[in-house]
Amino acid sequence: MASANQPGARNRPLSPHLQIWRWGPAMLVSILHRVTGSGLSLVGLAVLLWWLGALVSGAAAYATFAGVMGSPIGLVVLVGLTWAFWQHLCTGLRHFVLDIGAGYELETNARWSIITIVASVLLTAGTWACILAR
Amino acid sequence: MGNGTSIGRVRGLGSAHSGAGNWLQERVTGLASLIVSLYLLFSLLMLPSWNYQTVRGWISAPVPATAMVLFVIVNFWHARSGLRVVIEDYQHDSGKLFYLVALDFAAFAGGAFGVLSLIRLALGA
């Protein structure tokens, strides 16, 4: 960023940040989209690579992987990843709609923001209901 | 064209014609990720068991193996696009370039490991 190298650039006025704005659904899901995306990238892809690596390494390595993922901490991680996946998917679809220029009316925007939160919780519950019913 | 503020120095120069690249990649890989991720989720839910033999048998078959290679490429690409934006938003000093290069290295390394693992599984290593 060029401006950071200019003398006096640090003293330039900054635009208001999180602590200034009143919280609303659109702001919340925008932040959730970034947080869940980062979580899926850092934790989700690590679990993916461990899973694939364990499959290649053999039955013993796979048993270790399955054991850790079946432990209480592992299950918390997996449920968290499931929720992050659905939340990121829902807010991602919301972004596709916003990208074509639709859905910016205050009420519509707030409604669909809340719908992504409700939907992601329901889809996470549904996914784990399917898993536990197996 | 002034030489005072940052905006003054760039005003009138027009578009760089490359700014939308990562933005567009993020959208296209996001759409692709939607497809392959749902494929993986439903495939796993429909497997009769998640023991070693069953999962390995499933992932070695041609169609699931192809889908999983796409899954790895698409999701590492999408993660790289998204985390790039996160770094660019919060990292303004000289460390930015380091983080961006580290991200590229990590994304390619992770993707390579995933694809290699899947090739070995598909070829029955």
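This is a predicted model: local features need pLDDT of at least 70, side-chain atom pairs count only at pLDDT 80 or more; totals for chains, interfaces and linings use all residues.
Figure 1. Of the contacts in chain B with a separation of 6 or more, 67% are between residues 24 or more positions apart. The chain has five helices and zero strands, in the order α-α-α-α-α along the sequence. Its radius of gyration is 20 Å, whereas the globule rule gives 14 Å for 125 residues, so chain B is more spread out than a compact globule. Taken along the principal axes, the C-alpha atoms of chain B fill a box of roughly 70 × 25 × 20 Å. Of the 125 residues, 22% are buried.

Figure 2. Chain A is built from four helices and zero strands, which run α-α-α-α from the N terminus on. The box filled by its C-alpha atoms is roughly 60 × 40 × 25 Å along the principal axes. Buried residues account for 21% of the 134 residues in chain A. Where contacts in chain A join residues at least 6 apart in sequence, 73% of them join residues at least 24 apart.

**Figure 3. Contact between chain A and chain B, with the chain B side in view.** The contact draws 26 residues from chain B and 22 residues from chain A. On the side of chain B that touches chain A, two or more residues come from each of helix 2 (21-46), helix 3 (52-60), helix 4 (62-90) and helix 5 (95-122) of chain B. Helix 5 of chain B gives the largest share of that side, seven residues. By type, the residues on this side of chain B are 13 nonpolar, nine polar and four charged.

**Figure 4. Helix 1 of chain A, with its kink and its buried residues.** The 33 residues of helix 1 of chain A reach 45 Å from the first C-alpha to the last, close to the 48 Å expected at 1.5 Å a residue. A kink of about 35 degrees is centred on A:Leu40. A:Leu40 is also one of the buried residues of this helix, which include A:Val29, A:Thr36, A:Gly37, A:Ser41 and A:Gly44. Further along, the buried residues include A:Leu48, A:Leu52, A:Ala54 and A:Leu55. Within chain A, the buried residues of helix 1 pack against helix 2, helix 3 (72-99) and helix 4 (106-132). In chain B, their packing partners are helix 3, helix 4 and helix 5. Just after helix 1 of chain A, A:Gly58 has a positive phi of about 130 degrees.

Figure 5. A:Leu45 is located in helix 1 of chain A. It counts as buried because 20 other C-beta atoms lie within 10 Å, and 20 or more is the cut-off for a buried residue. Not counting residues up to four places away in sequence, A:Leu45 touches B:Asn75, B:Phe76, B:Ala79 and B:Gly110. A:Met27 is 18 residues from A:Leu45 in sequence, and their C-alpha atoms are 26 Å apart in space.

**Figure 6. The largest nonpolar core and another core apart from it.** The largest nonpolar core has 20 residues. Those that touch the most other members are A:Leu55, B:Ile59, B:Met68, B:Val72, B:Phe76, B:Ala79 and B:Leu118. At least two residues of this core come from each of helix 1 (25-57) and helix 2 (59-70) of chain A and helix 3, helix 4 and helix 5 of chain B. Helix 4 of chain B supplies the largest share, eight residues. With its neighbours within four places in sequence left aside, B:Val72 is in contact with B:Gly111, B:Gly114, B:Val115 and B:Leu118.

**Figure 7. Surroundings of B:Arg80.** B:Arg80 is part of helix 4 of chain B. It counts as buried because it has 22 C-beta neighbours inside 10 Å. When its neighbours within four places in sequence are left aside, B:Arg80 is in contact with B:Leu103, B:Asp104 and B:Ala107. B:Leu100 lies 20 residues from B:Arg80 in sequence and 9.2 Å away in space, C-alpha to C-alpha.

How values were computed: Residues are numbered from 1 along each chain as its sequence is written. Chains are lettered from A and ligands numbered from 1 in the order in which they are written. Two residues are in contact if their C-beta atoms, placed from the backbone, lie within 7 Å. Ala, Val, Leu, Ile, Met, Phe, Trp, Tyr, Cys and Pro count as nonpolar, Asp, Glu, Lys and Arg as charged, and the others, Gly among them, as polar. A nonpolar core is a set of buried Ala, Val, Leu, Ile, Met, Phe, Trp, Tyr and Cys residues joined through C-beta atoms within 7 Å. A residue is buried if 20 or more other C-beta atoms lie within 10 Å of its own, exposed if 12 or fewer, and partly exposed in between; C-beta atoms are placed from the backbone. The radius of gyration is taken over C-alpha atoms; the globule rule is 2.2 Å times the number of residues to the power 0.38. The expected span of a helix is 1.5 Å times one less than its number of residues. The bend at a residue is the angle between axes fitted to the seven residues ending there and the seven starting there.
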